[in-house]
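Dear colleague,

I am passing on the structure we spoke of, so that you can look it over for yourself. My notes on it come after the files.

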Amino acid sequence: MPELPEVETIARGLQRQVAGDVIESVWIGAKPEPLKSSAREIARTLDGARIAQVRRVGKHMVFDLERKNGNAQWIVHLGMTGRMLVIDPGAEIAKHTHLIATLRSGRELRFVDPRRFGRLEVRRADEFQAPGQEPLDVGFEIFARLFRGRKTPIKSALLNQKLLAGIGNIYADESLFRAGIRPRRRAASLTRAELQRLYPAIQQVLNEAIASGGSSVSDYVNAEGTEGLFQIQHRAYGREGEPCLTCGSPIKRTVIAGRSSHWCPNCQK
DNA sequence: ACTATTTCCTGGATGC
DNA sequence: TGCATCCAGGAAATAG
């Protein structure tokens, strides 16, 4: 499931491969995502546009587009199973391909998403903003203030994109494990000392995951179709019943806010 | 203003 | 082997 490190990896790959390229034609399938902009509007905006830059904002990918009729942005959210691939036109069209952009270089940009939780949207240039703070950029004081007065479990707060943009279920569990904090703790109950552990834990786990090309748990691959490697370094997520790598206690799994949460009953307080 | 719950969607895993 | 059921989860919608 693409979270910040996976989206960052894909965006870097796309920046390397398609920045400077020009979209010459656009096909949108009959049953695409629930689009946030109309199919016609997306096709019209992409058609003829030069891809100036591809970058990540939260869990979103932003294509900055240069157009004769005014610059624009193509914003892609991959949801659970979305893939944005650069492929040769001859390649077979995978099931659940919802959009194909033909590039001047002769390649194709294909958006594939079986579960259709992804979202596509176009906007005028510079309109799109992250819904919350970037975890890798935010300063500690602003970070600490995000949780003040919040009764919701810290796990839910970390998943709330309006607070921090980019953290999903895997990296929330991994960050809380590293910080030694139980996922069900009320966000406001975290002491300053705990916040001072959580803040670098989030940044470390995200940076290590980016360095490993992300976590491939189910569907995630980068723009070249290659899987990430960080899943083998998970210490909590997906390890229910397995021994804690620190103390040996079996990792527990509980459901918080409808999401499975993995934690060590001994190391996390 | 918050918080919790439900809904969307398909493929893979599981159970009988 | 086949069929039904469950589960995964990001975020918007809905309910409290």
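What follows concerns the contacts with the DNA and then the pockets.

Please bear in mind throughout that this is a predicted model. DNA strand B is surrounded by 13 residues, of which the closest are His96, Arg115, Arg150, Lys151 and Thr152. By class, the residues of this surface comprise seven charged, three polar and three nonpolar ones.

Among the polar contacts to phosphate oxygens of DNA strand B, one involves a polar backbone atom of Lys151 at 2.7 Å, whereas Thr152 places a polar side-chain atom 2.8 Å from a phosphate oxygen.

Turning to the pockets, the largest has a volume of about 510 Å³, and of the 16 residues that line it, Lys59, His77, Gly79, Met80 and Gly168 are the closest to its centre. Its lining is made up of seven nonpolar, six polar and three charged residues.

The second largest pocket holds about 150 Å³ of space, and its lining divides into five charged, two polar and two nonpolar residues. Helix H2 (39-46) and strand E8 (119-124) each contribute at least two residues to that lining, which includes Glu41, Arg44, Arg67, Arg123 and Arg124.

With best wishes

Notes. Residues numbered from 1 in each chain as written. Chains lettered and ligands numbered in written order. Predicted model: local features only at pLDDT ≥ 70, side-chain atom pairs only at ≥ 80, totals over all residues. Heavy atoms only, no water. Near = heavy atom within 4 Å. Polar contact = N/O pair within 3.5 Å; in protein donor to acceptor, adjacent residues only side chain to side chain. Nonpolar A, V, L, I, M, F, W, Y, C, P; charged D, E, K, R; others polar. 1 Å grid on protein atoms, 1.4 Å probe; cavity = no way out; pocket = protein on both sides within 12 Å on 5 of 7 lines; lining within 4 Å. Points joined across faces, edges and corners; volume = space filled by probe spheres on them. Helix = DSSP H or I, 4+ residues; strand = E, 2+ residues; numbered from the N terminus.
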